[in-house]
Amino acid sequence: MASFPRGLPYRPSENLTDRPGLTLSSRGCAHERRRGLHAALARTLAALPAVSPEALAAHHEAAGEREEARVLYLRAAEVAARALAFERAELFLGRAQQLAGSDAARAEVRERRIHLLTNLGRFADAYAEGRAALAEVGIALPEAFSPPVLLVGLARLAWLVRGRNAAGLGTLREAREQRTHIAVRLLAATMKAAYQVRPELCVTLANTSVALCLSDGNTPDCAIGYMVHGAIFQGGVLGRHAQGNAYGELVLSLVERYQNSAQRAEVSFVVGYFATAWRQPAEAAEALFQRALAAGLESGDDFHVGCAAAGLGMSRVMRGAPPALIIHEGEAHLAILRARRLDETVATLESAIALTRLLHDQTPMPEVATDAVLAAYGSRHFAHFQLLAAAIGAWHTGDEPRARALLKRAEALLPDARGMLHSAEHVFWQALAAPPNDPRVALAALRLSRWADHQPQNFAAKSALVSALLPTARRDTARFRRVEDLAVATGRPHIAALAREVERRRG
């Protein structure tokens, strides 16, 4: 046992090798003994209940057990984030990063930091973190959106994917290269932030991810790349809804095949938001939102907890769900979102509940936020819905000029809602609020008719109501009765009530 010079008390935090009077042999012995004591303490504490992971991590680190300490610091960061102690979470992730001894370990810590920054709404920081992490494995991402990079990536992907349908992509073998696994995982984490920075930037990353999988094989994290490429870009942005729905089915199956609980919330929400409701009843998308909400609460994916709760409320309003369901469910979800400080989705869900209260018992809606506030949203598609809800409320109170003004404001944010179901709701209400003989009514009728051909339950009654406003239909005195019948037959009775109100106003 090492001895200490008389008069110098032993303090475990001191560096014993700097003490005068210690021989080289005694210094080494003291160091090894201290490491052993910390290892023993770690084992003893681990057997006790309610020991904090950061305390265990500190002892493992002092014992020289770097990997054990790294894993515990990751757990400590997770605990801190769930307690909303985000600064502590970042500190623990920093310690874990310093202890990481392999490419895979470093990538895991980077991924956790990307998710933390995204959950905090620091999307630019999260993208920068992902870009740096991918550079370490030889993947160069643009600093900002670059049209040439996007076009080159799309052309390359079109060549690689030729002759394969979405279902066929799910049968690819698993990738053999560790670099592919690491890169696809980091790309999946970074795409969420990239979408909020600029949607086209997210597509650029998806091109890279899918190309890696087509070249080397799928990975447990490949669903996100396929989702962005297929469900969002092909289905939502380009309007190829059948293809988007097929990719949606693909990525849902990939998440379950690999039991990727970390991606379940994101994939379930995005597929429902962009792909499902264009080809399936809105209730199918709502089931995905409910799955996303539960999965996000379980995995700590707060960002998609907020998205799922807001998306669920929005969808229920648009399909005319019972007011009691929208209000009671929405209030319960608001408590969850407020606890996580998810301000944008809180405001969005509040607008859905406020519109429902207006229609249910004439409770006045609060004023919508200013354009400056809404333009600063990280998720501007939620800002679009808030303006849309306010416009619908103004129309129902009989203030059609104000409804048109609010729809005009919402139109500036419509590109951010491209491919999402509330973009179709905007088209519908723009037609209802338009003055007689407005050419936009004919365009809306055409678009709604095309959507109704593929999903009548969501769109047929709305299409028929807008078509009833066309000048060519005005001689048909029974046209609104037929809209009512169709609305009831397709399970959308709120459109029947709306048709009666439109007929009363238009005469």
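The protein has 25 helices and 0 strands, where helices (H or I, at least four residues) and strands (E, at least two) are DSSP runs numbered from the N terminus. The model is predicted, so to speak plainly about its limits: local features need pLDDT of at least 70, side-chain atom pairs count only at pLDDT 80 or more, and totals for chains, interfaces and linings use all residues. Residues are numbered from 1 along each chain as its sequence is written, and side-chain values use heavy atoms, with hydrogens and water left out.

## Overall picture

Taken along the principal axes, the C-alpha atoms fill a box of roughly 105 × 55 × 35 Å. Of the 507 residues, 52% are buried; buried means under 20% relative accessible area, exposed means over 50%, and partly exposed lies in between (1.4 Å probe, protein chains only). Contact here means heavy atoms within 4.5 Å. Among contacts with a separation of 6 or more, 64% join residues 24 or more positions apart.

## The nonpolar cores

A nonpolar core is a set of buried Ala, Val, Leu, Ile, Met, Phe, Trp, Tyr and Cys residues joined through side-chain atoms within 4.5 Å. The largest one holds 143 residues, and the members that touch the most others are Tyr 226, Met 227, Val 228, Val 267, Phe 428, Leu 432 and Leu 465. Leaving aside neighbours within four places in sequence, Tyr 226 is in contact with residues including Leu 169, Leu 172, Val 210, Tyr 247 and Leu 254. Apart from this core lies another, of 18 residues, with Tyr 73, Ala 76, Phe 86 and Leu 99 among them.

Helix 2 shows how burial can be arranged along a helix. This helix covers residues 53–62, and Pro 53, Leu 56, Ala 57, His 59 and His 60 are buried in it. Seen down the helix axis, these buried residues fall within an arc of 165 degrees, so they line one face of helix 2; the arc is that of the directions from the axis to the C-beta atoms. An α-helix has 3.6 residues a turn, so residues three or four places apart point the same way.

## Cavities and a pocket

On a 1 Å grid over the protein atoms alone, a cavity is a set of points where a 1.4 Å probe fits but cannot get out, while a pocket is an open set with protein on both sides within 12 Å along at least five of seven lines; lining residues have an atom within 4 Å of a point. Grid points are joined across faces, edges and corners, and a volume is the space filled by probe spheres set on the points. The whole structure has 4 cavities of 30 Å³ or more.

In the table, Ala, Val, Leu, Ile, Met, Phe, Trp, Tyr, Cys and Pro count as nonpolar, Asp, Glu, Lys and Arg as charged, and the others, Gly among them, as polar.

| Space | Volume | Lining by class |
|---|---|---|
| Largest cavity | about 170 Å³ | 12 nonpolar, 3 polar, 2 charged residues |
| Second largest cavity | about 150 Å³ | 9 nonpolar, 3 polar, 4 charged residues |
| Second largest pocket | about 460 Å³ | 13 nonpolar, 5 polar, 4 charged residues |

The largest cavity is lined by 17 residues, and those closest to its centre are Tyr 195, Gln 196, Ile 232, Val 270 and His 304. Helix 9 (178–197), helix 11 (223–237), helix 13 (261–279) and helix 15 each give two or more residues to this lining, and helix 13 gives the most, with 5 residues. Gln 196 is found in helix 9 and is buried, with a relative accessible area of 13%. Beyond four places in sequence, Gln 196 is in contact with Phe 123, Phe 303, Gly 378 and Ser 379.

Around the second largest cavity there are 16 lining residues, with Met 318, Leu 421, Glu 425, Asn 458 and Lys 462 nearest its centre. Helix 23 gives the most to this lining, with 6 residues.

The second largest pocket has 22 lining residues, and Val 317, Gly 320, Leu 359, His 396 and His 494 are the closest to its centre. The largest share of this lining, 5 residues, comes from helix 25.

## An exposed loop residue

Asn 437 lies in the loop between helix 21 and helix 22 (439–454) and counts as exposed, at 55% relative accessibility. Not counting residues up to four places away in sequence, Asn 437 touches Pro 471 and Arg 474. Asn 437 and Pro 471 are 34 residues apart in sequence, yet 7.0 Å apart in space, C-alpha to C-alpha.
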